Amino acid sequence: MKNTLWLVSYPKSGNTWFRMFLANYLKNITEPVSLDEIESAPISSNAVDFEDLIGLNPFELTAEEVNFYRPDLYRILSQNTENTGEITYKKTHDAYTLNSNGEPLFPEEISKSAVCFVRNPLDVCVSYANHSADKIDSSVDFLLKEEAHLAGNKTGQLCQQLFSWKNHVASWKEQIQIPVHIIRYEDMRLNPIATFGSIMTFMGFEYDEERLKKALINSDFKLLQQMEREKGFREKVQNCKSFFWKGKIGNYREHLSEEQIQRIVEYNYDMMRNLGYIDEQGNLTV
Amino acid sequence: MEIRFPFEGVEVAYSRNVVKPSFPILSRPFLEIGEREFYLDVRNVAQYTSANGEEVHIIPYEGADVSSIQLFLTGSVFGSILHQRCLLPFHGSSFEYKGKGIVICGTAGAGKSSVTASFCQNGGRFINDDITPIKVSDSGMTIVPIKSRIKLWDDALLKLKIENENFEKIRPTLNKFYLPLQDTSTIEQQLNHVFILSIHNKDGFVVNELCGMAKHNALRNQIYRKMYLEGMPEAEKSYFKQLFQIAKTIRVTQITRPSICNINDVMDCIKKEIDR
């Protein structure tokens with residue numbers, strides 16, 4: 001049954017913000033939902049789910065062995081909610097890949113669709129450096145690294161294959177198994193009603209502008225920052241000061257050197273051009 | 001290397017043919033479970049079957065190494081034998097400390113083994129790693145010692161200031177090692193206190209002693225490979241009663257620790273709760 005909807009993104013591209021919007025939209029109450037309720041769209045790389053449902057300790061398997069079981073993991077999760085008739089929302093940072101059996105990690109037969117959030121890689125780079133409490137240069141290297149992956153060491157989450165920024169986006173954009181809607185973070189910020197409205201319509205909801213506006217107010221970036229300050233946020237890395245940091249468009253201008261900008265743009269030029277981050281004349285648009 | 005099984009009275013043999021359960025209640029592509037039968041496929045390593053709590057067959061994949069075959073035999077497969085015997089296994093490591101039987105439960109990576117090793121450096125006596133069977137009888141609840149060894153990652157050894165003297169790797173591809181311990185308990189120990197360890201991305205510890213149904217439910221969630229019970233309704237029924245008895249008698253404390261913290265701080269936090 002196609003009852004799983006993937007919320008896909010390279011890290012720091014607006015996925016969590018959207019999940020908070022979605023939690024508010026689904027609950028549809030006057031008060032904003034708490035940051036804890038983001039669990040309505042938990043991450044696909046949850047190691048506890050893996051151990052509970054597959055019956056093996058993922059940290060005693062290689063990443064390749066874990067990936068053998070991941071399609072089955074998502075089939076089980078899909079089956080477990082089949083009777084409810086509800087859609088399961090799953091956040092994922094994984095690129096769209098096949099395991100060494102040649103099977104997609106995200107099986108077509110349980111996948112309703114995917115929303116893929118993309119953000120200017122220059123801003124991603126700065127935000128990722130803050131998130132991982134790392135130096136900007138390391139973050140630049142990470143964005144350009146084809147073997148880049150997250151977690152999967154000894155604890156925490158399952159290993160997630162990312163690729164470089166451009167190939168992460170390409171992997172989802174170019175696959176044809178799961179219908180995918182590509183959304184730019186910048187459009188979410190600059191034109192929220194139309195952009196979030198288009199996502200909800202794509203996801204199969206009837207357009208309801210009042211409900212949409214209420215959910216947007218209740219998931220406003222400043223409100224999320226305030227909630228994090230007051231009660232903390234479980235997805236924040238311990239050494240990182242705040243998960244909801246600035247969220248600003250073009251923030252890279254205050255943090256990246258010319259050389260760092262050049263490295264990112266040169267490597268990702270075609271995809272940045274394709275997504276409108278570079279115009280016809282070759283200028284940065286953001 | 002010879003294959004070892006952590007429990008007496010179980011016949012373990014290599015086999016060429018896979019005989020899957022005749023009447024599986026739970027059936028997945030890699031796992032089939034009936035009340036007294038079990039099949040697990042650990043890809044690239046081996047296929048395993050077990051039956052009646054007394055026999056295990058191993059069908060290795062070509063090229064599989066013995067350490068890996070051993071690891072899953074003493075983990076998930078051993079769990080199936082315990083369930084077939086209705087010998088309630090907690091997903092936790094255990095030790096005796098100041099005469100009390102302590103079990104540290106938690107998901108993979110919570111720090112069960114590191115904390116246990118830390119206690120064993122500070123007056124505790126090791127009983128089991130990762131899986132702790134509990135025998136429930138009219139005379140009380142006891143921790144059943146099995147032949148297990150503490151498994152620790154390289155960084156945990158460093159934190160515990162244990163020099164790695166060519167310790168045996170649990171798998172050739174992993175920097176996780178079996179820690180040789182001299183002082184281990186081989187007799188049943190009364191169970192007194194179960195700690196449920198979890199992690200958060202905040203500073204500081206959160207401690208919460210449970211009571212009532214919360215205690216029963218929390219203990220139920222600590223059953224090792226609880227998902228097997230979907231195929232073993234009789235075992236599940238038996239555990240339901242056993243857990244009530246356990247919950248009436250022992251203390252259960254949840255501890256949430258920072259994801260980055262000193263192992264000794266976790267130990268000190270647990271010590272305080274044991275003494276309380």
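**Two chains, two sheets**

A word on terms. Helices (H or I, at least four residues) and strands (E, at least two) are DSSP runs, numbered from the N terminus. Two strands count as paired if DSSP finds at least two bridges between them.

Now the ground rules. This is a predicted model, where local features need pLDDT of at least 70, side-chain atom pairs count only at pLDDT 80 or more, and totals for chains, interfaces and linings use all residues. Residues are numbered from 1 along each chain as its sequence is written, and chains are lettered from A and ligands numbered from 1 in the order in which they are written.

Back to that bridge pair. Strand 3 (residues 111–118) of chain A runs parallel to strand 6 of chain A, and five bridges join them. They belong to an open sheet of four strands in chain A, order 2-1-3-6, with parallel pairing. Strand 2 (88–92) and strand 6 (180–184) of chain A are the edges, each pairing on one side only. From one strand to the next, the twist averages 20°. Angles here run from 0 to 180 degrees between N-to-C directions, and axes are lines fitted to C-alpha atoms, for helices over the stretch in contact.

What lies across this sheet? Helix 1 (residues 15–27) of chain A lies across strand 1 (4–9), strand 2 and strand 3 of chain A. That helix runs at about 145° to strand 1 of chain A.

On to chain B. Here an open sheet has six strands, in the order 1-6-5-4-3-2, and the pairing is mixed. The edge strands are strand 1 and strand 2 (26–28) of chain B. Neighbouring strands are turned by 15° against each other on average, direction ignored.

Look at strand 6 of chain B. Strand 1 (residues 11–14) and strand 6 (residues 55–60) of chain B pair in the parallel sense, over four bridges. B:Glu11 stands opposite B:Glu55, and B:Ala13 stands opposite B:His57. Strand 5 (residues 46–51) and strand 6 of chain B are antiparallel, over six bridges. There, B:Thr49 stands opposite B:His57. Strands 5 and 6 of chain B form a hairpin with three residues between them. In the turn, B:Asn52 has a positive phi of about 55°.

Helix 1 of chain B lies across strand 4 (37–42), strand 5 and strand 6 of chain B, at about 25° to strand 5.

Next, a helix pair. Helix 2 (residues 112–120) and helix 6 (residues 263–275) of chain B pack at about 75°, with their axes 9 Å apart. That makes the two helices roughly perpendicular, a label for angles of 65 to 115 degrees. On helix 2 of chain B, the residues are B:Ser114, B:Val115, B:Ser118 and B:Phe119. They meet B:Ile263, B:Asn264, B:Val266, B:Met267 and B:Ile270 in helix 6 of chain B.

Last, the interface. How many residues of chain B are in contact with chain A? There are 27, facing 24 residues of chain A. Contact means C-beta atoms, placed from the backbone, within 7 Å. Helix 1 (residues 66–84) of chain B gives the largest share of the chain B side, three residues.

Note on methods
Contact = placed C-beta atoms within 7 Å. Parallel < 35°, antiparallel > 145°, perpendicular 65-115°, else oblique.
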